[in-house]
Amino acid sequence: MMKGLCFGIAIVASLVLFLIIGTIFIGAIPSLTPYFLLTPESATPKIGMGILNAIVGTIILSLTATLFATPVALGTAIHLQRYAHQGRITRAVRFFIEILSGTPSIVIGMFGFLVFVYYMKAVTGGYSLLSGSVALAILIMPVIERAAEDAIATVHKELEEGSYALGATKWQTIRGVTIPAALPGLSTGTILGFGRAAEESAVVILTAGYTQYMPELAIKSHPGLLFGVKIYPVQDLVASLPYAVYHAYENSNVIPLSNGFAAAFVLICVVLVINLAARTVIHLGMNRGKGFSIPCGLTRHISMLRVDRVVEPAVASQDDTVSCPFRELEQEEGERLMAKGKEKTQGKWGQGP
Amino acid sequence: MNLRDGPRIAFLASALAMALSVILIFGFIAWTAAPVLVKEGFGFITGNVWDYETHTYGILVFISGTLILTAVTMVIACPAGILTAIYLAEWAPDKIEHILRPAIELLVGIPSVVFGIFGFFVLRGYFAHDINPAISAAFGWIPIFHDNHSVGTGLSILLASVILAVMVLPTIVALSQVAIRSVPREFREASLALGANRWETIRHVVLPAAFPGIVTSVVLGMMRAAGETMAVVMLIGNLPVVPGSILDPAYTMTSKILNDIGYYLIETEPRSALFAIALVLFAIEAGMVALVRAVASRMGGS
């Protein structure tokens, strides 16, 4: 009985997904034309008749935000996982990151609005790509950082110990072993951060503004700004899909409903494609195990990256609980590499841990 | 210090930069909010009049809106989320799980503004003409189910919390499922060996063991619900009264900020008042983070 109840609720919960996407798709069909998708709003006779400016704007905004956020987030993750000593400062850093990831986006949005758009208008140009992407970067930093930490934490100890045993320094080990081994997880984290930036609306509305025009590349004189010039598109307004959807809601008496749904559908597609890309990366890099299984596909990845010497300890450690479709293949490859390693290092690498 | 310390210092610097930016953000928000908080004192939280003309700022209306909305959302989302997680973790055959789990996790990827227009243009009509009147007719004798606005627009706490429940569902399902899966198999086998059936095992053994993880997932869902802006601003009706029933419109802290910040940013006092709302909202979320940490540390640091 309980099984049936749980099953029913699980089915309903997942049907909701198809219901929402389906309804929006059906509502969007009349507007999903090449003209609508490939025309910037500035080139259309009425408002809300084209969304190319918003599509391009969303991609540029999210890319820039990811570019700002990724170095800091990855650096922080590596520090916390490999360099930090357990102490007051480390605990404080972790606490602040958790606080940041729990902060509602509207709070980050209003901070960006006041500081970047209002106080620093001379530098950022007010509502602009720069303001928007810095605010978004603050928002997605904890997302990338958390995923990167998880990825680094799953790297086998034996791999790194092997590297140290070869006399590599900490930085050489991190660069040559840890980062390549954690690469699928790191890229997934970055892609997830990109997706989080693309779907965010409150922050974008308060910091990036909206324009009907496509982003353009230019430098024009502008007396109000620093150095008297305005750099396009960095200091210029930028449109975004979430704002285009919100526009359709705000001006629903002017813009046909199907246009709003079409913008929403395109936004869903963009975000779903990003999420699927993240899944694909993690599945390519890791095995398709459930839950917490140790990603033994990583070793394969490492051998692809030609740090083959350190493959051996991980393969030699017989971890029977790990389910891995590539296991046999890997073992073969590992043995081959081991043999190669033996030749090279004259038998010093024969013993497993 | 020499050249070999370079990477270590770079990583330390980025960690410190991240921590400092958080301190900076919240220091700045607190500093901006201070004048109104000092002026209003405790009355900022207990007062229910918000008027820019008379310089009175009390946010009881908005706090109650946020808290009631979050509570109703969790009442809808918790049973659905936890039962789904139990099904996926305990009963689902691999085939079904491979279909259901990605479908539910992909719900995370739907942007909140899309939920907003879906609720506004699609669900609102049903709530205005069918669901709200039906609930009011059937349970109207209980005050919290009574429709106080007989010519309803459909915009109500119920509509907003149904949409919010769908938004937080994936969080609860994914994290609860991990918690349930991480209960050791021996626990289950011991219980089954004692003659308990599957459901008895789940209720008396698995759920108590997974309880801290499930609480964490619920609290994270609550944080998302309390901090959500776009969908709420479209669906809650933005009526600044303390709601008497779940069929009433209300006004939340997040929607107050979004609706007003554009008009009042350049005036010092209203700006300070709006940032004070953000500070209170932030305090609520920080309290929830502390709760998650407390629960997680009781789990044994995992």
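Let's start with chain B. Its secondary structure comes to 11 helices and 2 strands. Helices here are DSSP runs of H or I with at least four residues, strands are runs of E with at least two, and both are numbered from the N terminus. From the N terminus on, the elements run α-α-β-β-α-α-α-α-α-α-α-α-α.

A word on what you are looking at. This is a predicted model: local features need pLDDT of at least 70, side-chain atom pairs count only at pLDDT 80 or more, and totals for chains, interfaces and linings use all residues. Residues are numbered from 1 along each chain as its sequence is written, while chains are lettered from A and ligands numbered from 1 in the order in which they are written.

Back to chain B. Its C-alpha atoms fill a box of roughly 75 × 70 × 35 Å, taken along the principal axes. Of its 302 residues, 48% count as buried. Buried means 20 or more other C-beta atoms within 10 Å of the residue's own; exposed means 12 or fewer; partly exposed is in between; C-beta atoms are placed from the backbone. Now contacts, meaning two residues whose C-beta atoms, placed from the backbone, lie within 7 Å. Among contacts in chain B between residues at least 6 apart in sequence, 75% join residues at least 24 apart.

Next, helix H6 of chain B. H6(B) has 25 residues and reaches 34 Å from its first C-alpha to its last. That is close to the 36 Å expected at 1.5 Å a residue; the expected span is 1.5 Å times one less than the number of residues. H6(B) bends by about 35° at Val168(B). The bend is the angle between axes fitted to the seven residues ending there and the seven starting there. A proline, Pro170(B), follows within four residues. H6(B) is mostly covered, with 22 of its 25 residues buried.

What does H6(B) cross at roughly 35°? Helix H3 of chain B, residues 60–91. The two axes come within 6 Å. Axes are lines fitted to C-alpha atoms, for helices over the stretch in contact, and angles run from 0 to 180 degrees between N-to-C directions. H3(B) passes H6(B) in a right-handed crossing. Right-handed means the near helix is turned clockwise from the far one by less than a right angle; left-handed means anticlockwise. The residues of this contact divide into 23 nonpolar, 6 polar and 2 charged. The classes: Ala, Val, Leu, Ile, Met, Phe, Trp, Tyr, Cys and Pro are nonpolar, Asp, Glu, Lys and Arg are charged, and the others, Gly among them, are polar.

Take one residue there. Gln177(B) sits in helix H6 of chain B. Is Gln177(B) buried or exposed? Buried, because 29 other C-beta atoms lie within 10 Å. Not counting residues up to four places away in sequence, Gln177(B) touches Ala85(B), Leu88(B) and Ala89(B).

Most residues other than glycine have a negative phi, and most peptide bonds are trans. His55(B) is not a glycine, yet has a positive phi of about 55°. His55(B) is in the loop between strand E1 (50–51) and strand E2 (56–57) of chain B. His55(B) counts as exposed, because it has 12 C-beta neighbours inside 10 Å. Asn238(B) also has a positive phi, about 50°. Its loop lies between helix H9 (230–235) and helix H10 (253–264) of chain B. With 18 C-beta neighbours inside 10 Å, Asn238(B) counts as partly exposed.

On to chain A. There are 15 helices and 2 strands. Of its 353 residues, 52% count as buried. Helix H3 of chain A, residues 52–83, has 32 residues and reaches 45 Å, close to the 46 Å expected. H3(A) bends by about 30° at Ala69(A), and Pro71(A) follows within four residues. Chain A has a cis peptide bond too, joining Tyr232(A) and Pro233(A), with omega about 0°. Pro233(A) is in the loop between strand E2 (229–232) and helix H11 (241–250) of chain A.

Last, how many residues does each chain give to the contact? Chain A gives 64 and chain B gives 65. Helix H1 of chain A, residues 2–28, supplies the largest share of chain A's side, 14 residues. By class, that side has 47 nonpolar, 14 polar and 3 charged residues.
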